[in-house]
2 protein chains.
Amino acid sequence: MPAIIDHEHRRRELAQIVADIIVTSGLNAVTVRSVAAAAGFSTAVVSHYFQSKRDLLFYSYRRAEARATERLQAAAAQGGDALRILECLLPLTPEARRDWMVWAVFWGEALADPELSAEQRSQFRKARRRFERLIAGSLRAAGTRRTRRVQEDARRVLTVLIGLVVQAAFDPEDWPAHRQRAYLSEALGLARRD
Amino acid sequence: MPAIIDHEHRRRELAQIVADIIVTSGLNAVTVRSVAAAAGFSTAVVSHYFQSKRDLLFYSYRRAEARATERLQAAAAQGGDALRILECLLPLTPEARRDWMVWAVFWGEALADPELSAEQRSQFRKARRRFERLIAGSLRAAGTRRTRRVQEDARRVLTVLIGLVVQAAFDPEDWPAHRQRAYLSEALGLARRD
């Protein structure tokens, strides 16, 4: 494998390990040493790929974002309406739950860090634009006249996703799949449950 | 001051310092040493009140919760409908923003910590019950027949609050006061903006 690809491959492998440690033991357990031990490398090897714990977290955050985007694109390629496509972001699979946990941990770290905050701000805006395109595409495919405010729908979807994911992370029994889907559906303006 | 009251007073003082450090420098900057330095105490004094950084964070989290409850009770005592009362929880003042930041940082720490997770789960449930009572009281005061599903309203309010607070923390310009209020209003089922 060419060196550049191998470099990126190795970084992704380490990012995956970071995500796993975050889920099972928390961010405090993520150290260059613990990541190296889990990967079966020396700390020198890990340090070659990442300068610090902050670097490890930042890259793991971006990988979680890339994986979620891939899931969204795969779901969109299968067709269906915006609700069905966006459901792949709900924390109903171990993969989706892990990505959300990496993000939530990142929020705590990013709040007082201007560079990480700017990254998070940009990611929220990108996510909303992605949702807008999905929703607009779904309306076009259904032959619905675009009278709905797609931007507001996308903003509501992101707001509800964050709110339900944080609660479901601590109280999964209280957020069964049908409730998560109902909230997403309502955010899309598809149903009002009262 | 009697010793027990003084003990609690000192703990609150230190919790306030922890919250300030979290807001300005992040959780990484919270150490027994940095808290002692900011308080003008020796680390031995801080260690007398808190056994660890985790203890400091846990107590600061509970204090943020207690302050928010006090704000909610003060707002409720002034009367008005549920929307007006719940607005005191929106991150529109430095105090409310600080409390939410302490919570968001706590989420990141609590996710992989069973004891802290249980505390967070319990707090979310308590918050919802508090919202339910507020909403029910507001409907009674307005002479509205209780046909609305108060439990669902309370759940939607908490979901929207968490979702908007996380976004507003990173992108305050994108979440001006009128938008935050509109989202809270919609969560209460008072308005649908499209």
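**Surface, helices and ring contacts in a predicted model**

The accessible surface of chain A comes to about 8900 Å², and carbon and sulfur atoms hold 52% of that (areas by the Shrake-Rupley method with a 1.4 Å probe; for residues, only the protein chains shown count as cover). This is a predicted model, so local features need pLDDT of at least 70 and side-chain atom pairs count only at pLDDT 80 or more, while totals for chains, interfaces and linings use all residues. On the bookkeeping side, residues are numbered from 1 along each chain as its sequence is written, chains are lettered from A and ligands numbered from 1 in the order in which they are written, and side-chain values use heavy atoms, with hydrogens and water left out.

As for secondary structure, chain A has nine helices and zero strands (DSSP runs numbered from the N terminus: H or I of at least four residues for helices, E of at least two for strands). Its C-alpha atoms fill a box of roughly 60 × 40 × 30 Å along the principal axes. Of the 194 residues in chain A, 52% are buried (under 20% relative accessible area; exposed is over 50% and partly exposed in between, with a 1.4 Å probe and protein chains only). Taking the chain A contacts with a separation of 6 or more, 63% come from residues 24 or more positions apart (contact means heavy atoms within 4.5 Å). Chain A also carries 31 positive and 23 negative side chains, with the centres of the two sets 5 Å apart. Here Lys and Arg count as positive and Asp and Glu as negative, with His and the chain ends not counted; each charge is placed at NZ of Lys, CZ of Arg, CG of Asp or CD of Glu.

Over in chain B, B:Ser60 belongs to helix H4 (residues 53-77) and is buried, at a relative accessible area of 2%. Leaving aside residues up to four places away in sequence, B:Ser60 touches B:Ala15, B:Val18 and B:Val102. B:Val165, in helix H8 (residues 150-170) of chain B, is buried too, with a relative accessible area of 7%. From B:Val165 to B:Val102 it is 63 residues in sequence and 12 Å in space, C-alpha to C-alpha.

A pair needs ring centres within 6.5 Å (Phe, Tyr and the six-membered ring of Trp); planes under 30 degrees apart are stacked, over 60 edge-to-face and the rest tilted. A:Trp175 and A:Tyr183 have centres 5.1 Å apart and planes at 70 degrees, so this pair is edge-to-face. B:Trp175 and B:Tyr183 also pair edge-to-face, at 5.1 Å centre to centre and 75 degrees between the planes. A:Trp175 and A:Tyr183 are both buried, and so are B:Trp175 and B:Tyr183. Elsewhere, ring pairs join A:Phe58, A:Tyr61 and A:Phe106 into a cluster.

Charges sit over rings as well (NZ of Lys or CZ of Arg within 6 Å of the ring centre and within 35 degrees of the ring normal). B:Arg11 lies over the face of B:Tyr59, 4.4 Å from the ring centre, and B:Arg155 lies over the face of A:Trp175 at 5.0 Å.

Finally, helix H9 (residues 177-187) of chain B has several buried residues, including B:Gln180, B:Tyr183 and B:Leu184. The buried residues of H9(B) pack against helix H8 (150-170) of chain A, along with H5 (82-86) and H8 of chain B. After H9(B) comes B:Gly189, with a positive phi near 75 degrees.
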